Amino acid sequence: MKKAVLTVVTVLIFLLVAPITITLVGFCSPPQFGDTYYGELSRMFGRLTRTEGKKIVLIGNSAVAFGIRSDLLEREFPDYSVVNFGLYGALGTKLMLDLSKPSIGDGDIVIIMPELIEQSVSLYFSAEDTWRAVDGDFSMLGNIASENIAEMVGRFPGYVGEKFGYMQTGGAAADGAYSSLAFEDESGNDAGYMTYERTHNVMAGGYDSTSVSAMDVSIIGEGFIDYLNEYGRYVSSRGADVYFGFVPVNELMISEDDREGVDDLYSFLRDELDFEVLGHPAKYFLDHRWFYDNNVHMNSSGMFVFTDLLAEDLKLELGITTPNNIEIPPPPEIPFYDFMPGDNRDAGLFVYDKVAGVDGEYIRLTGLTAEGKTKSDITVPTDYDGIPVREFDVSVFSGNTVVSRIMLPETIRRIYDGSFDGATRLSSLVFKHDSLTGISAGYEFLRGADNCYIYLKKGVSIAGCAGGWVEYQKRIRYY
């Protein structure tokens with residue numbers, strides 16, 4: 001009897017202490033995401049809440065973070081301070097709208113500029129990503145919409161566990177453009193826009209063919225327009241003007257259907273929104289040389305182009321006749337893709353196809369030989385006849401019930417949706433990459449390979465990466 005009572009008391013104490021411990025670790029321990037891409041949100045939020053006087057607030061996703069030079073825009077509109085409030089698509093447009101509302105005031109101009117992809121033009125909300133982003137400033141929690149609070153509470157223990165893990169290892173990894181350092185000036189102060197040097201397009205073939213979205217009315221999520229209109233009424237009641245704007249899109253990803261459907265999308269937005277639309281989306285279909293690591297991220301030179309286009313459209317709307325004084329640099333040429341030949345031990349197991357790309361020839365794997373289909377452990381070759389292997393057709397590994405481990409060399413730049421569909425024995429997909437910048441992965445590239453884990457080198461970060469990197473982040477392991 002005494003033993004039973006003792007057991008009950010022990011369980012009760014644990015039930016009381018565990019929530020307190022989790023709460024203390026979550027809110028009282030040092031921030032662990034401050035150096036990451038997520039960490040920039042607290043600085044953006046701080047700038048938004050502290051900026052006095054009239055301001056231009058740009059709300060969106062990473063296309064805004066990678067695309068707008070706030071200093072150049074302030075030069076074109078000297079009566080305003082510019083607040084870049086676009087960060088990571090995984091956070092969702094809704095969160096950025098909700099966080100901004102209390103800080104919009106009389107005389108402000110708000111431009112809502114979501115990426116024209118389904119996730120960004122919807123009411124998508126990720127509590128998991130939001131916890132990482134508010135880690136540096138919990139005051140942001142006061143602006144979370146009531147309908148998202150239950151999800152935030154449910155994801156809190158997971159966030160605490162992840163945070164505690166980083167406390168043991170020295171903090172979350174940050175890499176290049178996907179770090180808070182990417183927004184600092186030479187003195188180490190937050191510049192208010194991305195300063196990290198992105199010299200040229202790093203995408204194989206000049207664009208991300210795994211991330212192509214239909215540009216028509218079908219991409220608009222249910223309730224999104226109503227949410228925008230409600231937001232517009234709120235900020236208008238505070239004396240602000242609100243507009244809908246467009247972000248650049250790599251024209252290499254634009255199909256003929258897109259060019260036809262985009263007019264209907266433009267008309268839909270003009271008809272359904274209660275506020276004005278700036279410009280036309282087709283104006284923002286830009287040459288691939290202005291982009292960096294995906295179809296909406298500008299390189300450093302491309303920022304001048306995007307900022308110039310936005311300033312031009314805003315001036316037209318406001319009736320300002322002075323021309324822009326933004327000097328556009330020449331489009332950066334894509335250097336010939338260089339690589340180090342590597343492990344080609346299994347080169348004889350594949351069928352090859354040579355492809356002409358904007359940055360040189362490359363090899364696409366189109367199949368496995370009869371011998372290749374019998375192998376359980378396969379190393380994808382780095383090159384064929386001195387030409388880098390950059391991608392493989394969906395048919396190469398899909399339906400393969402023999403292979404259990406695949407090694408991918410750093411030359412692989414794209415992985416398409418369904419590439420391993422039906423590969424039921426596949427347990428290890430090992431990447432030899434030192435960085436994931438410019439590596440395209442479809443949202444469902446591991447569909448049908450339910451037992452497979454992704455293995456990355458220690459220190460390689462998926463921060464800022466979209467597509468399958470985010471979708472399958474719980475399957476990532478390190479070696």
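**Cavities**

The model is predicted: local features need pLDDT of at least 70, side-chain atom pairs count only at pLDDT 80 or more, and totals for chains, interfaces and linings use all residues. Residues are numbered from 1 along each chain as its sequence is written, and side-chain values use heavy atoms, with hydrogens and water left out.

I noted the terms. On a 1 Å grid over the protein atoms alone, a cavity is a set of points where a 1.4 Å probe fits but cannot get out; a pocket is an open set with protein on both sides within 12 Å along at least five of seven lines; lining residues have an atom within 4 Å of a point. Grid points are joined across faces, edges and corners, and a volume is the space filled by probe spheres set on the points.

The largest cavity has a volume of about 40 Å³. Helix α8 (residues 224-237) gives the largest share of its lining, three residues. Helices (H or I, at least four residues) and strands (E, at least two) are DSSP runs, numbered from the N terminus. I sorted the lining by class: two nonpolar, no polar and three charged residues. Here Ala, Val, Leu, Ile, Met, Phe, Trp, Tyr, Cys and Pro count as nonpolar, Asp, Glu, Lys and Arg as charged, and the others, Gly among them, as polar.

Lys101 came up again. Its charged end sits over the ring of Tyr234, 4.6 Å from the ring centre. The rule wants NZ of Lys or CZ of Arg within 6 Å of the ring centre and within 35 degrees of the ring normal.

The second largest cavity holds about 30 Å³. Its lining includes Asp175, Tyr178 and Cys465.

**Pockets**

Next I looked up the open space. The largest pocket holds about 990 Å³. It has 49 lining residues, and Ile117, Ser211, Tyr443, Ala466 and Gly467 lie nearest its centre. By class I read 22 nonpolar, 17 polar and 10 charged.

The second largest pocket has a volume of about 520 Å³. Of its 24 lining residues, Glu162, Tyr166, Ile462, Gln473 and Tyr478 are the closest to its centre. α6 gives the most to this lining, with three residues.

**Aromatic rings**

I counted 25 aromatic pairs in the structure. Rings of Phe, Tyr and Trp (its six-membered ring) pair if their centres lie within 6.5 Å; planes under 30 degrees apart count as stacked, over 60 as edge-to-face and the rest as tilted. Tyr37 and Tyr88 make a tilted pair, 5.4 Å centre to centre with 55 degrees between the planes. They stand 51 residues apart in the chain. Tyr37 is buried at 0% relative accessible area, and Tyr88 is buried at 5%. Buried means under 20%, exposed over 50%, partly exposed in between (1.4 Å probe, protein chains only).

One aromatic cluster includes Tyr37, Tyr88, Tyr166 and Tyr178.

**Sheet**

Last, I traced the strands. Five form an open sheet in the order β2-β1-β3-β4-β6, with parallel pairing. β2 and β6 (276-277) stand at the edges with a single partner strand each, so one side of each has no neighbour in the sheet. Strands pair if DSSP finds at least two bridges between them. Four bridges join β3 (residues 109-113) to β4 (residues 241-244). Val110 stands opposite Val242 in β4.
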